Amino acid sequence: MCSLIMANQSIERSFILLGFNETMNFRVPLFLLTLLYYCVILFFNISLVLLIVLDTNLHEPMYIFLSSFCINALYGSTGFYPKFLSDLLSSFHGISYEGCLLQAFIMYSFASCDLTILAVMAFDRYLAICRPLHYHSLMTKRRLSQLVCFSWLTPFCIFSINVILTTRLRLCGLNIQRVLCVNWLIVKLACPEADTFSNNISSYLTIIFYISHGFFIMWTYMHLIKTCVRSREDRVKFMQTCVPHLISLITLLVVMIFDSMYLRFGSRDLPQSLQNFITIEFLIIPPVMNPLIYGFKLTKIRNRILSLIYLKRK
């Protein structure tokens with residue numbers, strides 16, 4: 001039976017996404033709602049990126065990291081929503097083997113890049129508030145470029161290794177019980193005799209690496225809070241720049257931990273629609289919430305947005 005499935009897979013080289021089975025009765029309203037939401041994601045994130053790029057007053061490390069944050073939201077959203085929208089209007093919900101691996105890579109690198117950017121932003125806030133006299137000598141243009149490259153290249157390299165390890169597996173299944181491809185779900189389709197030890201080791205090392213990001217962020221916030229308690233000016237700066245970062249961090253961590261735990265240990269008895277939401281919530285909440293929080297909370301960006309609105313009214 002296993003050899004028959006593999007023979008078929010070698011011809012078709014595709015997976016079937018079974019998460020769409022319960023969407024057939026309301027796929028048109030869901031399509032319209034999803035399309036509207038995707039347009040909102042594009043509008044908020046592109047607007048914020050353009051605002052930062054075009055306004056020279058916003059060419060500071062904190063805003064450069066924020067624009068990188070928004071670009072990552074566009075990257076992750078574009079890796080999911082166009083395919084999801086086309087599947088909603090299609091009677092066949094398949095994806096090629098290569099396309100599935102690519103989407104899995106985008107999903108993992110998107111989420112991990114978010115966490116890495118948040119860690120880099122925490123380091124920037126630590127230098128700005130805890131070591132203000134040395135900030136400009138430490139956060140040079142070269143250091144800024146290195147941190148931006150680190151936040152993007154590290155997840156790309158790590159998850160390239162994970163995907164390459166997955167490609168060597170012989171698969172005995174074609175059905176993915178979700179609306180998108182996730183690397184762990186592809187690994188679970190491996191034949192019983194397949195060696196997934198290296199995949200498991202790679203996954204656990206990746207988890208440990210990103211847990212260390214969390215500890216680093218906790219360390220920076222311990223110092224930030226200790227510093228801000230002493231001065232009213234520092235407390236104001238903390239509320240303006242660190243609170244949005246903290247909200248984004250908590251939201252991302254809760255969503256990622258919940259999704260990871262459910263993916264590996266969750267029950268299949270839940271309704272399919274709820275399983276789908278749990279799987280894609282990291283693509284629903286952060287891409288819209290982050291630009292809204294930073295847009296309203298950061299004074300320079302808020303004032304710039306208000307000035308543009310005022311000019312248009314005139």
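**Cysteines and a helix pair**

Mentor: Cys172 and Cys191 are both buried. Keep in mind that this is a predicted model.

Trainee: How far apart are the sulfur atoms of Cys172 and Cys191?

Mentor: Their sulfur atoms are 1.9 Å apart, and the two residues form a disulfide. The torsion about that S-S bond is about 90°, so the disulfide is right-handed. Cys172 sits in the loop between α7 and β3, and Cys191 in the loop between α8 and α9, 19 residues apart.

Trainee: How many disulfides are there by this rule?

Mentor: The count is 2. Cys100 and Cys181 form a disulfide too, with sulfur atoms 2.0 Å apart. Here the torsion is about -110°, so this disulfide is left-handed. Because Cys100 lies in helix α5 and Cys181 in the loop between β3 and α8, the pair ties together parts 81 residues apart in sequence.

Trainee: Is Cys100 buried or exposed?

Mentor: Cys100 has 0% relative accessibility, so it counts as buried.

Trainee: How are two packed helices described?

Mentor: By the angle between their axes and the distance between the axes. Helices α5 and α7 pack at about 150°, with their axes 8 Å apart. An angle over 145 degrees counts as roughly antiparallel, so α5 is roughly antiparallel to α7. The crossing of α5 past α7 is right-handed.

Trainee: Which residues meet there?

Mentor: Among them are Phe105, Tyr108 and Ile117 in α5, and Phe150, Trp152 and Phe159 in α7. The residues of this contact divide into 15 nonpolar, 7 polar and no charged.

Note on methods
Residues are numbered from 1 along each chain as its sequence is written. This is a predicted model: local features need pLDDT of at least 70, side-chain atom pairs count only at pLDDT 80 or more; totals for chains, interfaces and linings use all residues. Side-chain values use heavy atoms; hydrogens and water are left out. Axes are lines fitted to C-alpha atoms, for helices over the stretch in contact, and angles run from 0 to 180 degrees between N-to-C directions. Helices (H or I, at least four residues) and strands (E, at least two) are DSSP runs, numbered from the N terminus. Angles under 35 degrees count as roughly parallel, over 145 as roughly antiparallel, 65 to 115 as roughly perpendicular and the rest as oblique. A crossing is left-handed if the near helix is turned anticlockwise from the far one by less than a right angle, and right-handed if clockwise. Contact means heavy atoms within 4.5 Å. Ala, Val, Leu, Ile, Met, Phe, Trp, Tyr, Cys and Pro count as nonpolar, Asp, Glu, Lys and Arg as charged, and the others, Gly among them, as polar. A disulfide is a pair of cysteine sulfur atoms within 2.5 Å. Buried means under 20% relative accessible area, exposed over 50%, partly exposed in between (1.4 Å probe, protein chains only).
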